[in-house]
Amino acid sequence: MIKFKRLLPVILIAFYASTASYAALTYEMKTIGKHANEVLGVFVNEADTQVATCSLDETIKIWGIPNGKEICTLKGHLGQVNNLSYSGNDKLLASASSDMTVRVWDVDKCAQNMILKGHTDQVIGVYFSQDDNSSFIASTSFDKTVKLWDRVLGTEIKTLRGHTKPTNNVAYSYDGTQIASCSDDKTIKIWSTDLETKAPLMTLHGHESPVLTVLYSFDSKYLISSDQTGNIKIWLVSDGSLIRTIKAHDELIQDVSIAADNKTIISGSLDKKVKLWDLTTGQNLYSQTIDSEIWSVDMVSDASILVLGCADGTVRFLTRKGGK
Amino acid sequence: MKICRLIIFLLLIISTSSFAGTQLKSVIAVTGSIFNYVDKSPISVEIEVYDNVGKKVNSTKSNAADNGYYYVTGLYSGNIYTFIIKDQQYLTESFEVSIPNSDKYVEISKDFLLKPNKAGTEIKLNINPFEYDKFKLKVGAATILSDVLNTVKNNSNKKFNIVCYPDSDQDANENHKITEARAKALVDFFELNGIDGTTFTIQSNQKSDPKNPPPTEKRAKGKNYVGSIYLVVN
């Protein structure tokens, strides 16, 4: 008891410190527009000037940042559009659809540029290589494969096999050397982007339910993953070691994203909550409950605007009060 | 002697220039795997490759022991080839493969699925051509159904039963109506595309697919549910 009394001030200070930054962050929510059905993916471009959203309504919409004005609607897919990725130079957009195709869109023209066919089941994940030429696109599918496409040739150049159940999402490392894929088989596999190596470089075990998304930090040092039971895991890219598990949500987390500080991550869940986390400590920085399930999240580089793709079809901006 | 040398010199120039001509188009290889459409197991089958005038240009075999791997080379950039795959245990399939333009040797990747031809085989449509609770084919259904349309065209001696399951178990009468209307819409589609309607029988259902029932919990992306559709080999 004496010991506890002595420790009490320390505990109170620690508690205050842990909640101070949480309390400091406040965001104002605004619905900027709506799809005809659930919004499954959002992706903010490199310049923080646009966000693309994709939906169960089979369309993609591009919206301006920060005004939230709709720039255009891209039509062409014959099934729900599951995910999106801007190219590193922001000129192209790749989309993954349940119609088994990956499509490439010219952002300035708001027009379809290319259809990539080859997967034998729904395509769930897509990620552009972030090099200046936007040379490659990686995609994942319920056909259990990861495919690498040559964007210039318009053809698939490498099929990576190893997952034993449908693959859910894919990410390209920002240094261009690796691809990470995650699967219903509860693993994450790391693949080389060189054309000769087809076996996985590493398989990461640790999730106890289907892994729904993976994402590299911008400095390619960390890999972030989320799963069906609401956990986020942080992995060290260099050796694949698990450095942190965060019990983040009460329902599945379909999407996470990271800010340019390589530290702040955002998660959105079907538990209707959006949260910000400090990757280095696991501390919850911000939490907001909304009136819809959240499928997809992203944010501008400094986390001053958070973008939510919701099950009710709305696209919402959460803008930080007090600016930067 | 001088004339002989001149002739040899000319012949050398001609042969060199024609050789250079053949080099204008670079050689491309196509690799990938062939799997059983139903159970996704790798299979060993013969593959024949035809050019755009129907001339056989290559043949090879996939290897089930090596994850269904095959390798075809000697294809030229910018051309379109037809891969025809025939096997006693599978429905005959033809796949068009467009080779991209390239000025250097490239290996491209293509996987193929073959549907077993044994009576009773249930070929589930990977992409549903209907929207939830609808019985009219959705926009773009022709593209979605092009794979099974090709299969039916390539196997004109075979008959199929179209089996449709409902999206939920809420109303048995309504389920019967909607699944019958979906099956009829599919027969209409095949007839419009030149297939004799007698190729098909139809089966509606009042209850959802026992092998792929509607979800009872929240599902992740891409896992939303529309009642299954099968082409069953008769």
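Predicted model: local features only at pLDDT ≥ 70, side-chain atom pairs only at ≥ 80, totals over all residues.
# A walk through chains B and A

Is B:Leu149 buried, exposed or partly exposed? A residue needs 20 or more other C-beta atoms within 10 Å to be buried, and 12 or fewer make it exposed. B:Leu149 has 16 C-beta neighbours inside 10 Å, so it counts as partly exposed. Setting aside residues within four places in sequence, B:Leu149 is in contact with B:Phe190 and B:Asn193. For a sense of distance, find B:Thr201, which is 52 residues from B:Leu149 in sequence; their C-alpha atoms are 16 Å apart.

Helix 4 spans residues 172-192, 21 residues in total, and reaches 30 Å from its first C-alpha to its last, close to the 30 Å expected at 1.5 Å a residue.

Now let us turn to the strands. Strand 2 of chain B (residues 46-50) pairs with strand 3 (residues 56-61) in the antiparallel sense, over five bridges. Across this pairing, B:Val49 stands opposite B:Asn58. The two strands form a hairpin with five residues between them, and in the turn B:Gly54 has a positive phi of about 85 degrees. Strand 2 also pairs with strand 5 of chain B (residues 80-87), again antiparallel and over five bridges. Here B:Glu46 has B:Lys86 as its bridge partner.

Stepping back, chain B has four helices and twelve strands. Of its 234 residues, 28% count as buried. Among the contacts in chain B with a separation of 6 or more, 66% are between residues 24 or more positions apart.

Chain B also touches chain A. How many residues does each chain give to the contact? Chain B gives 20 residues and chain A gives 30. On the chain B side, the elements that give two or more residues are strand 7 (106-109) and helix 2 (141-144). Strand 7 gives the most, with four residues. By class, this side of chain B has seven nonpolar, eight polar and five charged residues.

Our last stop is chain A. In soluble globular proteins, nonpolar side chains tend to be buried together. The largest nonpolar core here has 132 residues, and A:Leu306 and A:Val307 touch the most other members. Not counting residues up to four places away in sequence, A:Val307 touches several residues, including A:Val42, A:Val44, A:Met299 and A:Phe317. Elsewhere in chain A, look for A:Thr164 in the loop between strand 13 (155-160) and strand 14 (167-172). Why does A:Thr164 count as exposed? Because A:Thr164 has 11 C-beta neighbours inside 10 Å. A:Gly79 is 85 residues from A:Thr164 along the chain, and their C-alpha atoms are separated by 25 Å.

Conventions:
Residues numbered from 1 in each chain as written. Chains lettered and ligands numbered in written order. Contact = placed C-beta atoms within 7 Å. Nonpolar A, V, L, I, M, F, W, Y, C, P; charged D, E, K, R; others polar. Core = buried A, V, L, I, M, F, W, Y, C linked by C-beta atoms within 7 Å. Pairing = 2+ DSSP bridges. Expected span 1.5 Å × (residues − 1).
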